[in-house]
Amino acid sequence: MLNKIWDCAIYCRLSKEDLNKGYSESIKMQENELKRYILENNWNLVDVYIDDGVSGTTFERNDFKRMMEDVEKGLVNCIVTKDLSRLGRDYIETGRYLEKVFPEYGIRYIALNDGIDTLNGEDDSIPFRNVVNDMYAKDISKKIRFNLRSKMKDGLFIGAFAPYGYKKDVNNKNRLVPANDITTEAVKRIFLLYMEGFGKQKIAKILTDEGYPTPAESKENYKNGNQKIKMWNSNAVHRILTNEVYIGTIVQHKRKRISYKVKKMKDVPEEEWIKKPNMHEAIISEDVFWHVQDIIKNRSKLKFRPGHVVHLFSGKARCGDCGSYMGYFYDKDRKEPCWKLICGAFRKYGSKACTMHSISEEKLKQVILNDLKSISGKYVDKTQLLKLAEDSVEENYTEQKIFYEEYKRKLAELQNTFKQMYFDKIKGLLTDEQFKMLSEGLQREASIYSEKLKEIENEIYAENRKIYLLQQAVEKIKCIVEMNDLTRQMVESLIDEIEIFNDHKIKIHYKFSNPENYIS
């Protein structure tokens, strides 16, 4: 192995917290240091991969993914970083790459400053280094959240974009001032029209017709190639009508990230919102704003709102020409009244946005059923499907049992590690603070494995579970082969999207394939 030709990838990363303006000095230093190391060893340098200003808690990094693509192509067999934290600060995901992904592709990994080289075998210190790196990321995240929350409590605006109708003060980016342009006029017009009795959808149409820019258009990063014109909608009007920012109040902390490792956001209960009144100049007077809130409340009481109907193709059919969702309407003027789908943009804004693209639900249903029957007749073997179902159920059981044993082993290892750490603490090799920091990470990981073990136990030891799964498979196979009807569940399971074109052609994007042909 020492005489093997090593085709190396240099990977450099710097987080936003460490990022300087422009191309970071620290990144350049990482790159030069690693290039020198590869040159001294007479190895081949395939490429340098740099993620500048990206957190180590996520592996959704552009150049990291590019590097892994080159690994999959067989162009790289050795990855070199300055230290382990450059690879990542999420100890679970970093461990997965080191213990599973890299070995699967035969990748040698070197963390130069940490003295880690996987060619020398397993390094018992790596899991602890990963935990420490993870705890560092968590600590940084806590500090950032604390600082942002402090700013919110002081009434400082911390959003990336100013609300529609406002701009950030050139002398203080955390303070809002009225933009005093067409967007400010649009806000005033929305409130005036609503008090005059116009509905939100009607106001949206007026704003579109009169050429007022939408909130999305006012943001620098706005791009939408599907629509021919930028159009207002009732949701945008509602958000402006109910936003207290227009009376000078800053309302923040409405949403927050699930955790420092997950970018997904969740709504915060209204009682936890942070409100600070009189923080900037109002565009709308308080009398007008609260009068509008009363109107909204009263109108919502007067409206009859039946349960929302999810039709067969709701959210699945799009206009093939403008990209808008197809909307449903009931055509009662026909000899045989029926539900039809028409282009949503045409329905709201008329011919200047798009054309009707009308098709009955029943006709679309028959087209798709006929196509599915044709596909089923050509490619589906019922006997083979049954055999596959049986094999799949059995394979799932076998796989679950393997995972079960693996998780038990991992849990036992964590427990032994914890014991060893406790003895090290008693001997004075670890301080109380170090022991607490490391043990918290181990306990969290142990808790995850315990939960996984319980889940698998419920799966593999449930009474008659195999028989039930096979019966389900048989019923599904029967539906696939016979294709006598099309249900909403089948549409969800089989179809990604349906495009309806102006020339009466239909393109179906199935989840199991992407046929390029058009179906008339």
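Select residues 506-510 to begin: all five of the five residues of strand β17 are buried, so the strand is largely enclosed by the rest of the structure. Buried here means under 20% relative accessible area, exposed means over 50%, and partly exposed lies in between (1.4 Å probe, protein chains only). Strands (E, at least two residues) and helices (H or I, at least four) are DSSP runs, numbered from the N terminus.

The model is predicted: local features need pLDDT of at least 70 and side-chain atom pairs count only at pLDDT 80 or more, whereas totals for chains, interfaces and linings use all residues. Residues are numbered from 1 along each chain as its sequence is written, and side-chain values use heavy atoms, with hydrogens and water left out.

**Stop 1**

E499 stands opposite K507 in β17. The two strands form a hairpin with five residues between them, and H504 in the turn has a positive phi of about 65°.

**Stop 2: the loop at N484**

Next, select N484, in the loop between α14 (465-482) and α15 (488-494). N484 is exposed, with a relative accessible area of 60%.

**Stop 3: a five-stranded sheet**

Move to the open sheet of five strands, whose order is β2-β1-β3-β4-β5, with mixed pairing. The edges are β2 (44-52) and β5 (116-117), each with a single partner strand, so one side of each is left without a neighbour in the sheet. Strand β1 (residues 7-14) runs parallel to β2 in a pairing of eight bridges, and L14 has D52 in β2 as its bridge partner. Helix α2 (residues 62-72) packs on this sheet, touching β1, β2 and β3 (78-81), and its direction makes about 155° with that of β2.

**Stop 4: the β6-β7 hairpin**

Select residues 166-169 and 172-178, strands β6 and β7, which run antiparallel and are joined by four bridges. They form a hairpin with two residues between them. D169 stands opposite N172 in β7.

**Stop 5: two crossing helices**

Two packed helices are described by the angle between their axes and the distance between the axes. Select α7 (residues 200-209) and α8 (residues 234-241): their axes come within 8 Å and cross at roughly 105°. That makes α7 roughly perpendicular to α8, a class that spans 65 to 115 degrees, against under 35 for roughly parallel, over 145 for roughly antiparallel and oblique for the rest. Axes are lines fitted to C-alpha atoms, for helices over the stretch in contact, and angles run from 0 to 180 degrees between N-to-C directions. K200, Q201, I203, A204 and L207 in α7 meet S234, V237, H238 and L241 in α8.

**Last view: the whole chain**

Finally, select everything: the chain has 15 helices and 17 strands, and 39% of its 520 residues count as buried. Among contacts (heavy atoms within 4.5 Å) between residues at least 6 apart in sequence, 64% join residues at least 24 apart.

Methods:
Two strands pair if DSSP finds at least two bridges between them.
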